[in-house]
Amino acid sequence: MIRALFHATTLPNANAPYNVLHLKIYYPAAPTNSDTERMTGVIPADKASEPMPVVIFFNGINVGIESYRWFAVKLAEANVVTVMYTHVAETLPGVIGLTPAIDLSKVKPDTYGSGATCPAIQPILDSLKQLNDDEKSALHQSMDLNHIILGGHSAGGTVALQNAQFFEQVQAVFSYAGHTMASTVLGFAPNTILNVGSKSVMLMRGDKDGVIAASRVRYGAEGQEKDPVEKTFDEACQPSAGEEAYDVLLQGANHFAIAHPLDETTGRFFLDMEMTRDGEEVRNQIAELIVAFIEKKEVKGKNTIVRKK
């Protein structure tokens, strides 16, 4: 049985009402059929699976976490606790939307690398420790908080890639349709790639991604043949000894292949290309590849091109 529980925490140095994170944490559960479970719906984690690694997953801009529920369930079925969260705040100056939380003051030529670009990570880690230590929590002693994996989609994938290097307990990072090409609006020179650190990393992308293609103007990369994700793998991924880096191209997949069902009233889905493979097939493959990466198994699959270093 896969269950989820809710939690809330606040962002330091953020102003209300844009300082709240609403967490949803998915995990494999083991019902005891107690009266408390029947009345509350809260079921304890499966003790046979603990302690479990934890994925903190960052959503794309204006993509609700409901679109990634299928993915969180797949990870929980593989005995990986998965944390997703909702944060409403500025996505651009004066524009309010769903965001993984980005501190733009840390994403400038003279500040990048000086600290985390996502202020949500530490409060989430603190919340997980609180739940792990609480004897009354369904997740009591169920999580391995020294085995954290950061992951994300689109801008959320960028957030994951930028921040793994700043947290010792983070063991690996993955992204779908995320890269670290830097915006010229923030003062970076055209075609600048930001470092992703030396931990194990897996970059995933589809060959029908219309959103990244339409966004190249942000990075001064118009007309450049190399895909921004490919460029990130080639120039920014330098795994240390014992770590690995993967660039995985999924044929027939587009930018929003990982989001289902997709809320077409928000976000930039209208820039995307049509997929040429069955959506469920692609989603299952995305999940299988990520689980293999987390479990340090061979990363491979049909209709994929995998590069490794």
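Helices, here H or I runs of at least four residues, and strands, E runs of at least two, are taken from DSSP and numbered from the N terminus. The views below show a predicted model.

View 1. Ala101 is located in the loop that runs between strand E6 (95-98) and H3. Although Ala101 is not a glycine, its phi is positive, at about 85 degrees. The relative accessible area of Ala101 is 4%, so this residue is buried, the cut-off being under 20%. Gly115 also has its place in the loop between E6 and H3. With a relative accessible area of 13%, Gly115 is therefore buried. Leaving aside residues up to four places away in sequence, Gly115 touches Lys106 and Phe166. Asp103 lies 12 residues from Gly115 along the chain, and the C-alpha atoms of the two are separated by 10.0 Å.

**View 2. Helix H3 and the elements that pack against its buried residues.** Helix H3 comprises 13 residues, 121-133. From first C-alpha to last, H3 reaches 18 Å, close to the 18 Å expected at 1.5 Å a residue. Buried positions in H3 are Ile121, Pro123, Ile124, Leu125, Ser127, Leu128, Leu131 and Asn132. The partners of these buried residues include four strands, namely E1 (2-10), E2 (20-28), E3 (52-58) and E4 (81-86). Strand E7 (143-153) and helix H4 (155-163) also pack against the buried residues of H3.

**View 3. Helix H4 and its cover.** Of the 9 residues of H4, 8 are buried, and the helix is thus mostly covered. The buried residues of H4 are Gly156, Gly157, Thr158, Val159, Ala160, Leu161, Gln162 and Asn163. Their cover includes H3. It also includes the strands E3, E7, E8 (170-176) and E9 (200-206).

**View 4. Helix H7 and its buried residues.** H7 is formed by 16 residues and reaches 23 Å from its first C-alpha to its last, close to the 22 Å expected at 1.5 Å a residue. This helix is mostly covered, with 12 of its 16 residues buried. The buried residues are Gly279, Val282, Arg283, Gln285, Ile286, Ala287, Leu289, Ile290, Val291, Ala292, Phe293 and Ile294.

**View 5. The packing of helix H2 on helix H7.** The axes of H2 (residues 69-77) and H7 (residues 279-294) are 10 Å apart, and the two helices pack at an angle of about 40 degrees. H2 is therefore oblique to H7. The two helices cross in a right-handed sense. On the side of H2, the contact is made by Trp70, Phe71, Lys74 and Leu75. H7 contributes Arg283, Asn284, Ala287, Ile290, Val291 and Ile294. By residue class, the contact of H2 with H7 holds 7 nonpolar, 1 polar and 2 charged residues.

**View 6. The loop between strands E1 and E2, at Pro17 and Asn19.** Pro17 is placed in the loop between E1 and E2. The peptide bond that leads from Ala16 to Pro17 is cis, with omega near 5 degrees. Asn19 is likewise found in the loop between E1 and E2. The relative accessibility of Asn19 is 16%, so Asn19 counts as buried. When residues up to four places away in sequence are not counted, Asn19 touches Thr9, Thr10, Leu11 and Ala14.

**View 7. The cis peptide bond between His260 and Pro261.** Omega of the bond that joins His260 to Pro261 is about -5 degrees. Pro261 belongs to the loop between strand E10 (245-250) and H7.

**View 8. The loop between strands E8 and E9, at Asn191.** Asn191, in the loop between E8 and E9, is a residue other than glycine with a positive phi, near 65 degrees. The relative accessibility of Asn191 is 26%, so this residue counts as partly exposed.

**View 9. The loop between strand E2 and helix H1, at Asn33.** Asn33 is situated in the loop between E2 and helix H1 (35-40). Its relative accessible area is 58%, and Asn33 is therefore exposed, since the cut-off is over 50%. The C-alpha atom of Asn33 is separated by 8.8 Å from that of Ile43, 10 residues away along the chain.

Technical notes
Residues are numbered from 1 along each chain as its sequence is written. This is a predicted model: local features need pLDDT of at least 70, side-chain atom pairs count only at pLDDT 80 or more; totals for chains, interfaces and linings use all residues. Side-chain values use heavy atoms; hydrogens and water are left out. The expected span of a helix is 1.5 Å times one less than its number of residues. Buried means under 20% relative accessible area, exposed over 50%, partly exposed in between (1.4 Å probe, protein chains only). Contact means heavy atoms within 4.5 Å. Axes are lines fitted to C-alpha atoms, for helices over the stretch in contact, and angles run from 0 to 180 degrees between N-to-C directions. Angles under 35 degrees count as roughly parallel, over 145 as roughly antiparallel, 65 to 115 as roughly perpendicular and the rest as oblique. A crossing is left-handed if the near helix is turned anticlockwise from the far one by less than a right angle, and right-handed if clockwise. Ala, Val, Leu, Ile, Met, Phe, Trp, Tyr, Cys and Pro count as nonpolar, Asp, Glu, Lys and Arg as charged, and the others, Gly among them, as polar.
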